[in-house]
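Here is a quick tour of the charged side chains in one protein model. Have a look at the structure first, and then we'll go through it piece by piece.

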Amino acid sequence: MAFRRGGRVMPPEFWTAVITALVGSGGVGAIIGAVSSRRKDTAQIAAQACDILTDSVIKPLREQVDDQEEQIEHLERQQRKYFALASYTRRLFHWLQELCEITDPAFMARHPKPGLPDELRADIAPETVAARDAG
């Protein structure tokens, strides 16, 4: 059986010789090399995609998380200061109440102490929340 190539008839021996030459001279190796090169290209593209993802998404998210952690730490420090201030102010006013009762026993009757607002009670006087709910 003969094959046509460009108007010429190529005998099967020609094709056998071509195939043998390709196999024997590294033609299959070249094909395997091309396939593996394509895989390397795919791996390089995947690595580049990972780098882009890391640079454009993951790093900014990590920076945001770090910034938020700093903000949380700052707010926690501020909250501790607030609680210390509230505790000090509360103790001071209880001391002043006792002083007023000693210097002028009728002062508290004339000027009753204002009640603690419910929305502040859990922060300022948490011990009174349970007592208030029980009573």
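## How confident is the model?

The protein has a mean pLDDT of 78, and 69% of its residues reach 70 or more; pLDDT is the predictor's confidence in each residue, from 0 to 100. Among its elements, strand β1 (residues 3–5) has the lowest mean pLDDT, at 55, while helix α3 (residues 107–110) has the highest, at 89. Helices (H or I, at least four residues) and strands (E, at least two) are DSSP runs, numbered from the N terminus.

This is a predicted model, where local features need pLDDT of at least 70 and side-chain atom pairs count only at pLDDT 80 or more, while totals for chains, interfaces and linings use all residues. Residues are numbered from 1 along each chain as its sequence is written, and side-chain values use heavy atoms, with hydrogens and water left out.

## The salt bridges

How many salt bridges does the structure hold? There are 3, each being a side-chain nitrogen of Lys or Arg within 4 Å of a carboxyl oxygen of Asp or Glu. Side chains of opposite charge can pair when their charged atoms come close.

Let's start with Glu127 and Arg90, whose side chains meet at 2.6 Å, N to O. This pair links distant parts of the chain: Glu127 sits in helix α5 (residues 126–134) and Arg90 in helix α2 (residues 27–103), 37 residues apart. Glu127 is partly exposed at 46% relative accessibility, and Arg90 is partly exposed too, at 28%. Here buried means under 20% relative accessible area, exposed over 50%, and partly exposed in between (1.4 Å probe, protein chains only).

## Two more pairs

Arg110 pairs up with Asp104 in a salt bridge, with their closest N and O atoms 2.6 Å apart. Arg110 is partly exposed at 49%, and Asp104 is partly exposed at 26%.

Then there's Asp118 with Arg121, a salt bridge whose closest N and O atoms are 3.7 Å apart. Both lie in helix α4 (residues 118–124), 3 residues apart, or about one turn of the helix. Is Arg121 buried or exposed? With 15% relative accessibility, Arg121 counts as buried, whereas Asp118 is partly exposed at 49%.

## A patch of negative charge

On the surface, Glu63, Asp66, Asp67, Glu69, Glu70, Glu73 and Glu76 gather in a patch of negative charge. Patches like this take residues with over 30% relative accessible area and no salt bridge, joining like charges within 9 Å. One of the members, Glu76, is found in helix α2 and is partly exposed at 38% relative accessibility.

How values were computed: Patches are made of residues with over 30% relative accessible area and no salt bridge: like charges are joined within 9 Å, nonpolar side chains (Val, Leu, Ile, Met, Phe, Trp, Tyr) within 5 Å. Accessible areas come from the Shrake-Rupley method with a 1.4 Å probe; for residues, only the protein chains shown count as cover. Lys and Arg count as positive and Asp and Glu as negative; His and the chain ends are not counted. The place of a charge is taken as NZ of Lys, CZ of Arg, CG of Asp or CD of Glu.
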